[in-house]
Amino acid sequence: MPLASRPAPSPADAPGSTETLLAEVLAGVLERAEVPTDAHVFDDLGADSMVMAKFCARVRKHPDLPSIAIKDVYTHPTIASLAASLAPSPSRAPAPGSTETLLAEVLAGVLERAEVPTDAHVFDDLGADSMVMAKFCARVRKHPDLPSIAIKDVYTHPTIASLAASLAPARTTELVPATVEAEPPPRRAGRLAYVLCGAAQLLFFLGYTYLAATITTWAFEWMVVAPDEVHLYARAVAVGAFGFAVLSLLPIALKWLLVGRWRAREFPIWGVAYLRLWIVKTLVRSNPLVLFAGTPIYPLYLRALGARIGKGAVLLTEHVPVCTDLLTVGPGALVRKDTFLSTHRAHDGRMRTGAVTIGAGAVVGENVVLDIDTAVGDDATVGHASSLHRGQAVPAGETWQGSPARPTDTTFPTVAPLPCGRLRKVVYSLVSLVVLLAVLLPISIGGAALLLMEIPQLRAIIEPGPEALTSRLFWTETLIVSVIAVFGLLLVGLLIVLTLPRLLALGVRPDRVYPLYGVRFWLHRSVAALTNVMAFTYLFGDSSAIAHYLGRLGYRMRPLVQTGSNFGMAVKHESPYLTHVGAGTVVADGLSVMNADYSATSFRVSRTSIGARNFLGNRIAYPAQGRTGDDCLLATKVMVPIDGPLREGVGLLGSPAFEIPRTVARDSALDQSPEDLARGVAGKNRHNGVTMALHLLVRWWLVLGMAAIVACIAAVPVRLGALEMLAAQLVILVWGSLWLVLVERSVTRLQCRAPEGRSIYDRAFWRHERFWKVALPDWVMLFNGTPYKNLVWRMLGVRIGKRVFDDGVNLTERTFAAIGDECTFNEGSVVQGHSQEDGAFKSDHVWIGARVTFGVGAFAHYGTTVGDDAVLAPDTFLMKGEEVPPGERWGGNPAREMAATEGQR
């Protein structure tokens, strides 16, 4: 029934009741005189998730109201139902002084409630999480009249009644207890350490670059004097093998020389211990052996670095753990791609190292974060899009999912094991090395040398005389070479990507199980590598061209309903030929289509289908078994359900996911008529076409500038050998950084701040898209973990404080972010100043106070405020509009306040 035709709502309870106070708070947020307590906040009052996040923040600050989370609002979308849910529900009364009564009293104190129903589920009904229940367990252990319990007992018996009934004199502890050291007094490095660390990092970079330049100069001079093509090939093989050996073995040797064996400890960032960690991290992650992730060579590399990797373990993740001595992976374990094995992480200006243990036969899904001091028991499973916080341990044989993870009845798909013996692994590894050393490297190295020998114009650019710099012909030839290098390679690469993978994919049939490390496995990996070229999705994304590109690549999208923004600039898959996307579906950045399932000995590819008229937010891993149909909204970082009924016509949020409204009235007001939509798409196409041209021109000018720098340095009459190459690399780094800063600052004014929303067919949004595409944000990651990144951020317009430690945060809208002094950002963290839902684009500032910590993979949406000294736990999703009070620890997906227990901070 429409709101206008309803009878007048009944008055709330007595003045000052929970219902009355909640209505007053919501009226203030909505800027209304009053709100009906039986009105649906989304459908009738036109609120959205950002408005209700502000409502939750104000409720938490109200002295007479209990704390609520955004999930409570979605579950109870009227003030009347929300107030009723906050009232204690009737339950049977246990005997005074009984174990059940005492446990309920302790839990009520932890949850800061007057009382708790003894038959309420502590997670689903009371909103507790692992941190809260760990605090509960600690208080129970200190109670003189209660037996000791462990977190496993709470997960096994998630109500007070069942927990009390299960208690017996003999208690067990968790299968793999996490060892956590006592917290030392916090101590931060000062300004002097900050400056000296930056200077030492620069010296290391110069030294390592000089070593690489020396080897490259020697190799080039030796190869160009080869008498014929046969000798050139032989020398290319020798040079490639020598370079591969040096770059592979040197990081391993330096790790043992600088650090020895990693141990669980804590030390201040910017000190000597941190400098050693940064050097080792830089070396082990730039090692060419990282390219062999997912093959038997990769575990050998980690073992050489000190990790304990069991026989037959498979690691598909490309995120290399740094403190490898603290990593244990049992025999037959499987770790999927995009998973963080965080053997180190920063917190509040200090670096902490800790163990990550994965038992025999365990499975860790895709897009998972395992914090330090976590464990996965034998034959246990951690589901996709999940996380384990510090101190969490999954018991043997159990399945956990969510962020933070908790026990679940969900059964994740398994692949039947097949014979995969040592001989198969050895042969696959040897063939992979032979292909690299005898084919790929010689073709690239020898081909470059051959071009320089056979094409005088190229040789003239590398070795020009002083008079060449004043020659118009020389600069014309340099211009032509740069055009071929950018546009020619782009066209050739596009031709290869659209043809060769189709032939390779014919050898891998869907829904058939194949053993690992065979021809089929090689074909599968080759298809994934060749069809996930970021340069093309970045060029075509956020325009009508991306749908046509993905369609030519192999996606099934018929009938294609063009929106002009069907996909963002970051989308990947394991097989484009097994990916189906329904008509009218819109996908934001960061979609990972999971077309493959694995065991420790086998794999299977399957068709993955996403329904029609869906909207998918950022950073979503969509499995082949996803249980979503048509007309769904999948929120940012949502865990896509793989069991239960097929969801249609609903929204899904969180990990694990729960239902929310598909749309709200506020966003529906931005809908377009068919005629307006056609005109909007046409205008957007024209604007995006110019944007793509600018995208290519900026990159061409960057290459042209690099070629000019090489020519100018090479034209110096004095021959300096490797020093010339070192000088060229340094000048290119400095000039390239300044050029990219200039480019971004020139398009910064195109950003659109629209907290109330704009249609994606509004020209202001098209200009914002131009800012995304023309700028090159990824180059900033070169400065991760150094003081120089703060300097670069300031040059790009970020309002950033002193001595911020940034190990890899992604700021999508740099000028929308304000960051206080001495903040700490771990790798994989994101501060995103915008969102797009269907046809609505919204953006706003993000305010981050001083000394704030973002955990690994933490994600903050637009319009959020994080107070001083606050902490966002690993894999947290802070929704738009949320306000984190100073000093609080928040975590989960979506984020809410969490109890900070000893050792888990």
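Ten cavities of 30 Å³ or more are counted in this predicted model. The largest cavity holds about 310 Å³ of space, and 26 residues line it. A second topic is the packing of helix H9 (residues 191-223) with helix H11 (residues 272-285).

**Largest cavity**

- Of the 26 lining residues, Ser49, Leu633, Ile660, Glu837 and Lys880 lie nearest the centre of the largest cavity.
- Strand E38, which spans residues 834-837, gives the most to this lining, contributing three residues.
- By residue class, the lining of the largest cavity comprises eleven nonpolar, eight polar and seven charged residues.

**Geometry of the H9 and H11 pair**

- Two packed helices are described by the angle between their axes together with the distance between those axes.
- For H9 and H11, the angle is about 30° and the axes are 11 Å apart.
- Helix H9 is therefore roughly parallel to H11, since angles under 35 degrees count as roughly parallel.
- The crossing in which H9 passes H11 is right-handed.

**Contact residues of H9 and H11**

- On the H9 side, the contact involves Cys197, Ala200, Gln201, Phe204 and Tyr208.
- On the H11 side, these residues meet Tyr274, Leu275, Trp278, Ile279, Thr282 and Leu283.
- The residues of this contact divide into nine nonpolar and two polar, with no charged residue.

Conventions:
Residues are numbered from 1 along each chain as its sequence is written. This is a predicted model: local features need pLDDT of at least 70, side-chain atom pairs count only at pLDDT 80 or more; totals for chains, interfaces and linings use all residues. Side-chain values use heavy atoms; hydrogens and water are left out. Axes are lines fitted to C-alpha atoms, for helices over the stretch in contact, and angles run from 0 to 180 degrees between N-to-C directions. Helices (H or I, at least four residues) and strands (E, at least two) are DSSP runs, numbered from the N terminus. Angles under 35 degrees count as roughly parallel, over 145 as roughly antiparallel, 65 to 115 as roughly perpendicular and the rest as oblique. A crossing is left-handed if the near helix is turned anticlockwise from the far one by less than a right angle, and right-handed if clockwise. Contact means heavy atoms within 4.5 Å. Ala, Val, Leu, Ile, Met, Phe, Trp, Tyr, Cys and Pro count as nonpolar, Asp, Glu, Lys and Arg as charged, and the others, Gly among them, as polar. On a 1 Å grid over the protein atoms alone, a cavity is a set of points where a 1.4 Å probe fits but cannot get out, and a pocket is an open set with protein on both sides within 12 Å along at least five of seven lines; lining residues have an atom within 4 Å of a point. Grid points are joined across faces, edges and corners, and a volume is the space filled by probe spheres set on the points.
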